[in-house]
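Hello,

I am passing a structure on to you, with some notes on what turned up when I went through it. Please have a look at it first, and then read on.

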Amino acid sequence: MAGEQLALTVLMGVLLVAVAGFLARMEDWRSYTPLGGASTISGSGYGGGHAEKPAGIVRWFTTVDHKDIGILYGIYALIAFFWGGAAVLLMRAELAAPGFDIMQAQFYNSLLTSHGITMLFLFGTPIIAAFSNYFIPLLIGADDMAFPRINAIAFWLLPPGAILIWAGFFTAPLGIGIDPAQTSWTMYTPLSAEQANAGVDLMLLGLHLTGVSATMGAINFIATIFTERGDDVNWANLDIFSWTVLTQSALILFAFPLLGSALIMLLLDRNFGTAFFAVDGGSPILWQHLFWFFGHPEVYILVLPPMGLVSWILPKFSGRKLFGFKFVVYSTLAIGVLSFGVWAHHMFSTGIDPRIRASFMAVSLAIAIPSAVKTFNWITTMWNGKLRLTAPMLFCIGFISNFIIGGITGVFLAAIPIDLVLHDTYYVVGHFHYIVMGMIAFAGMGALYYWFPIVTGRMYQRTLAKWHFWLSMIGTNITFFAFLVLGYLGMPRRYATYQFDGAIAPLAQVTTLHQISTVGAFLIGIGQLIWAWNMVQSWYEGPELEDADPWNLKDDGMFGREFQWFEAQKLAADGGDEVAADGGEVKTDGGVKRAVRRVDDE
């Protein structure tokens, strides 16, 4: 087994060196189609800006257009979303009753590990990158990303990363000794260091690729927002979504390299006999420090851009500008700074110095303040506004509602005495999923509905979208509120089965709560199937837009830059002037095309 692991590690190292060598030979990394090379709009899509794109699948394998890459990120993230969702539905079905009824503990642990890593690394970060890639250049008046080729490379590192992470599920039936990892998504040592399974090594290498991808993307977003803004876009009128992505990118630059270093140390421990995390050499607690120094900023890496999406979309359907724009920006920056000072609140029960615990408790409580600022600003934006309960708006309101529950439960867990009682129970799982599902996924769905007309030129079925929202909202609160109650009853997390002494908690009550949460999980799943049908069917057969303002944003003066770009594209498709990549008109002057940048008033 050790020989197989060593061979796999060496093979992957050779592959990465070969890729690095190939990339080092490439020239003109920063090249992109200039304004003068903008193309006209053809077909039903609205994707101008890169001339002479090849047809068919070759286009998608070779594209460096930020809009195409955004779509690729979105498709990838949604595939991962359904993989992770299928895994958790199997887990919830198993937990509907005590004992092993559907699967054994080993397969349950594999699903648990895959679900966590998939949702955080393969869905959460890429779905944000999808929106960021497609819309940030449009929002800031840029031609494209600052480094289009690096942008494409960052995406194409992700599919092999996913294959490596999921590899054990495909190789286990072959009987070659490579099974799915069973380490949980936190990969705590010594379990992850001593588990003799090459599938763990493949998973670690896949995670490393996703980290490299995220870091490359972060550098690109920072360079784009700093250097590629239009002449009329300055720091004072930069949109809130770009502010949150800029902050997220800075967090990625500090957090992901540390995760990469920890993964390399773990690989060395597993394959080369080092003792970074060994009980008798280094320290298993060292892994927790390194992992959570990455892991808690990762929560804000995932949640800050969704906060930006809500801050951008919610005012559109409130009929008024975002209340306290500057304070929302300042609170975003404050969260980014404070996020690196809270990691040890995941380790209150490890026996660290009580004085150190107290300092981390104080910072963990303090980070709730800028989060609350955002919440009150969103509520105040809606106050006395002209609310329109479209699907994007419903998901934004659901986001806020779930954030209040998830945020308050997080404040409880930041208090040392409460955390010592509830640590590693379902209460933590409920809190975390109110954030991840109740916020990140809800904001993503709201943004998908809001920008669907721009990407496709069509409109979705609005009734199905509202069914999707209500099933998701009801299912989320049924599932994760039951988790909170299970945590109070002492139900430990990550267990494939359960059996309670009646003196601790009645087994019948625990079983009932598990069954309630299972019903809620399947409601969420049904909602996502409705969403998938709606998106695919509407993409191909939905009514084509006759107006570039499908949300009637002009009535309230909320017609944003991205819809102004869309309007210019639509005019061009209808026989008007050609449109440059940044939305400017391409005039013909003496036979030479020149770009005229549009000046957009916010």
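Leaving aside its neighbours within four places in sequence, which residues is threonine 118 in contact with? They are Ala80, Trp83, Gly84, Phe123 and Trp166, where contact means heavy atoms within 4.5 Å.

Before the rest, a word on the basis. This is a predicted model, in which local features need pLDDT of at least 70 and side-chain atom pairs count only at pLDDT 80 or more, while totals for chains, interfaces and linings use all residues. Residues are numbered from 1 along each chain as its sequence is written, and side-chain values use heavy atoms, with hydrogens and water left out.

The chain as a whole

The secondary structure comes to 19 helices and three strands; these are DSSP runs numbered from the N terminus, helices being H or I with at least four residues and strands E with at least two. Of the 602 residues, 57% count as buried, that is, under 20% relative accessible area with a 1.4 Å probe, protein chains only. The chain exposes about 23,900 Å², of which carbon and sulfur atoms supply 68% (Shrake-Rupley method, 1.4 Å probe, with only the protein chains shown counting as cover for residues). Among contacts with a separation of 6 or more, 77% are between residues 24 or more positions apart.

Threonine 118 lies in helix 4 and counts as buried, at 0% relative accessibility. Its C-alpha atom is separated by 10.0 Å from that of isoleucine 79, 39 residues away along the chain.

Proline 453 lies in helix 16 and is also buried, at 0% relative accessibility. Beyond its neighbours within four places in sequence, proline 453 is in contact with Arg458, Met459, Leu545, Pro550, Trp551 and Phe566.

Threonine 425 lies in the loop between helix 15 (416–422) and helix 16. Its relative accessible area is 6%, so threonine 425 is buried. Its side chain reaches the backbone oxygen of leucine 422 at 2.6 Å.

Two kinds of space were looked for on a 1 Å grid over the protein atoms alone: a cavity is a set of points where a 1.4 Å probe fits but cannot get out, and a pocket is an open set with protein on both sides within 12 Å along at least five of seven lines. Lining residues have an atom within 4 Å of a point. Grid points are joined across faces, edges and corners, and a volume is the space filled by probe spheres set on the points.

The count comes to four cavities of 30 Å³ or more. The largest cavity has a volume of about 160 Å³. It is lined by 16 residues, and those closest to its centre are Thr125, Ala129, Ala214, Gly217 and Ile252. Helix 8 gives the most to this lining, with six residues.

The second largest pocket has a volume of about 970 Å³. Of its 42 lining residues, His296, His345, Gly406, Gly410 and His431 are the closest to its centre. Helix 10 gives the most to the lining of this pocket, with 10 residues.

I hope this helps you find your way around.

Best wishes

Notes
Buried < 20%, exposed > 50% of the residue type's maximum accessible area, 1.4 Å probe, protein only. Polar contact = N/O pair within 3.5 Å; in protein donor to acceptor, adjacent residues only side chain to side chain.
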